[in-house]
Amino acid sequence: MTGHDLYLETLDGLLLFAIPKKGRLHEKCLQLLSGADIQFRKSHRLDVCLVMNLPIALIFLPAADIPSFVGNGNVDIGITGHDVVLEAGMQNKITEVQRLGFGKCALQIQVPEHGSIQSVEQLAGKRIVTSFEVLSGEYFSKLDDQLQLTGDQRTKIQYVGGSVEVACALGLADGIVNCLAESGETMRAAGLRAISTVLETEAVLIKSNTPSRADHTSLIDLVASRIAGVVAAEKYVVCSYNISREALPLAVEVTPGRRAPTVSPLEQEGWVDVNAMVLKKDCARVMDELVKIGAQDILIFNLDNCRV
């Protein structure tokens, strides 16, 4: 038996889970796997490793390749960007199981900050440099059609693999299409400004529409449930407080919970204890509103994990 055959035999029957091997999604994916109790040890020399507590093999791939591997059934599930799925044209071959709340960015059209171009209509027909050739082509093709541009009048899209933001300064482009993180530091440092958004994107968990094995369905559901729990735990906190039963209807409006709050009677007559999940980003505002309606002993608890 050759080393290649032994390698294939090792992976036989395992759920294959593709993870970005580097880039903006890699570290967050490792944290997500840890929170979901998917235990593994990875050699620096190998892009495949076995999970120790589940029948899963992790396959570390470039994020841009993951939609094709999943869509073509080479691996069963994976994590990549929503934008990458569309750029690869794999949206009909995969199912987005859930959005993961990290890796958020906007695919935006950017032009020199002090240039004369103020709108995408002014940019149409000119030179665009991007790493997102498909999405950019679709966007500007529709715009060119609306403006009735034909032949050499139409927008020219040129692909580059990286450092897109320097294309205008080097005279390669009149504008670029590039992913802009929330801070926008790279764009501003390059002397650019955004004039339109092509797509809002974030990391997604995807699964193949042509799975290699039907008996993997329950394991895929288990992994998805664990990941959903980690994502929810990062997004929500538990708010606990005491309030008079008379004011409870107002309190429920402030803290409706994901489905409904948990209400328990207190020893003191006419008072109840309320527990509800609230969005972490809203907890200060929620506490302020609870104080206004007479709530007392308001506590916020962080979640390590949950099932929702």
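1. D145 is partly exposed, with a relative accessible area of 47%. D145 forms a salt bridge with R154. The closest N and O atoms of D145 and R154 are 3.1 Å apart. R154 is partly exposed too, because its relative accessible area of 23% lies between the 20% and 50% cut-offs. Keep in mind that this is a predicted model.

2. Now a pair that reaches across the chain. R127 and D174 form a salt bridge, with 3.2 Å between the closest N and O atoms. R127 sits in strand β7, which covers residues 127–130. D174 lies in the loop between β8 (156–159) and β9 (175–180).

3. How exposed are R127 and D174? R127 has 35% relative accessibility and counts as partly exposed. D174 has a relative accessible area of 23%, so D174 is partly exposed as well.

4. Next, D282 and R285. Their side chains meet in a salt bridge, 3.7 Å from N to O. That passes because the cut-off is 4 Å. Is D282 buried or exposed? D282 counts as buried, at 19% relative accessibility. The cut-off for buried is under 20%, so the label holds. R285 is partly exposed, with a relative accessible area of 42%.

5. K281, D282, R285 and E289 are linked in a network of salt bridges. With the 4 Å rule, the count comes to eight salt bridges.

6. Step back to the whole chain. It holds ten helices and 15 strands. Why call the chain more spread out than a compact globule? Its radius of gyration is 25 Å, whereas the globule rule gives 19 Å for 308 residues, so the chain is more spread out than a compact globule. The C-alpha trace spans about 80 × 65 × 35 Å along its principal axes.

7. Contacts across the sequence come next. Take contacts between residues at least 6 apart in sequence: 73% of them join residues at least 24 apart.

8. Last, burial, surface and charge. Of the 308 residues, 44% count as buried. The chain exposes about 16500 Å², and carbon and sulfur atoms supply 50% of that area. There are 29 positive and 37 negative charges. The mean positions of the positive and negative charges are 2 Å apart.

Terms used. Residues numbered from 1 in each chain as written. Predicted model: local features only at pLDDT ≥ 70, side-chain atom pairs only at ≥ 80, totals over all residues. Heavy atoms only, no water. Helix = DSSP H or I, 4+ residues; strand = E, 2+ residues; numbered from the N terminus. Buried < 20%, exposed > 50% of the residue type's maximum accessible area, 1.4 Å probe, protein only. Rg over C-alpha atoms; globule rule 2.2 N^0.38 Å. Contact = heavy atoms within 4.5 Å. Areas by Shrake-Rupley, 256 points an atom, 1.4 Å probe, with all protein chains shown as cover. Lys, Arg positive; Asp, Glu negative; His and termini not counted. Charge placed at Lys NZ, Arg CZ, Asp CG, Glu CD.
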